[in-house]
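My notes follow in the order in which I looked.

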Amino acid sequence: MSRKKGYEKLDIHIYFAQLEGPGGPVKIGRANDVSLRMKQLAVPLPYSLRLLASHRGTSLYVAGYTTEKHLHREFSADRIRGEWFAASERLMRYVRFVSTDAGRAMVEREIVSEALTDTRP
């Protein structure tokens, strides 16, 4: 089965992980291997970390941003520090959306479409 044009640009995974308890802060990060990254993050944290969702993204700069940086910018009003964000209704609505197969597929199609139409060198 051949891959659709542009999907090779989806070279990383974007993940959303939340510290223990409802309303705990959410980390928006990227990794080649989300399971391994979750294990690495769990070591220095005083609370358990739960993976909420993940989807494929690109480490290429599209419209000036990687997928991870675009999401950091999109949710900047909720930023606590670094890659940690308050679990706002808007952020959690996005996380619930990409938790579904249809939502994840839609987001990944949009990323591919933007990567294919970005004309900057």
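Which helix gives the most to the lining of the largest pocket? I found that H2 does, with five residues. I note that the model is predicted, so that local features need pLDDT of at least 70 and side-chain atom pairs count only at pLDDT 80 or more, while totals for chains, interfaces and linings use all residues. Residues are numbered from 1 along each chain as its sequence is written, and side-chain values use heavy atoms, with hydrogens and water left out.

**Pocket.** I took a pocket as an open set of points on a 1 Å grid over the protein atoms alone, where a 1.4 Å probe fits, with protein on both sides within 12 Å along at least five of seven lines; lining residues have an atom within 4 Å of a point. The largest pocket holds about 400 Å³ of space, counted as the space filled by probe spheres set on the points. Its lining has 17 residues, and His70, Leu71, Tyr94, Glu110 and Glu114 lie nearest the centre. Helices H2 (67-74), H3 (89-98) and H4 (101-117) each supply at least two lining residues; helices (H or I, at least four residues) and strands (E, at least two) are DSSP runs, numbered from the N terminus.

**Helix H3.** I listed Leu91, Met92, Tyr94, Val95 and Val98 as the buried residues of H3, buried meaning under 20% relative accessible area with a 1.4 Å probe, protein chains only. They lie on the same side of H3, because they cover an arc of only 155° around the axis, taken from the directions from the helix axis to the C-beta atoms. These buried residues pack against E1, E2, E3, H2, E5 and H4, where contact means heavy atoms within 4.5 Å.

**Thr58.** I then turned to Thr58, in the loop between E3 and H2, which is buried with a relative accessible area of 1%. Leaving out residues up to four places away in sequence, Thr58 touches Lys9, Asp11, Ile12, Thr66, Thr67 and Ile111.

**Sheet.** Five strands form an open antiparallel sheet in the order E3-E1-E2-E5-E4, two strands being paired if DSSP finds at least two bridges between them. E3 and E4 (79-81) are the edge strands, each pairing on one side only. E1 pairs with E3 over eight bridges, where Ile12 has Gly57 as its bridge partner, and E1 pairs with E2 over six bridges, where Tyr15 has Gly29 as its partner.

Notes:
Buried < 20%, exposed > 50% of the residue type's maximum accessible area, 1.4 Å probe, protein only.
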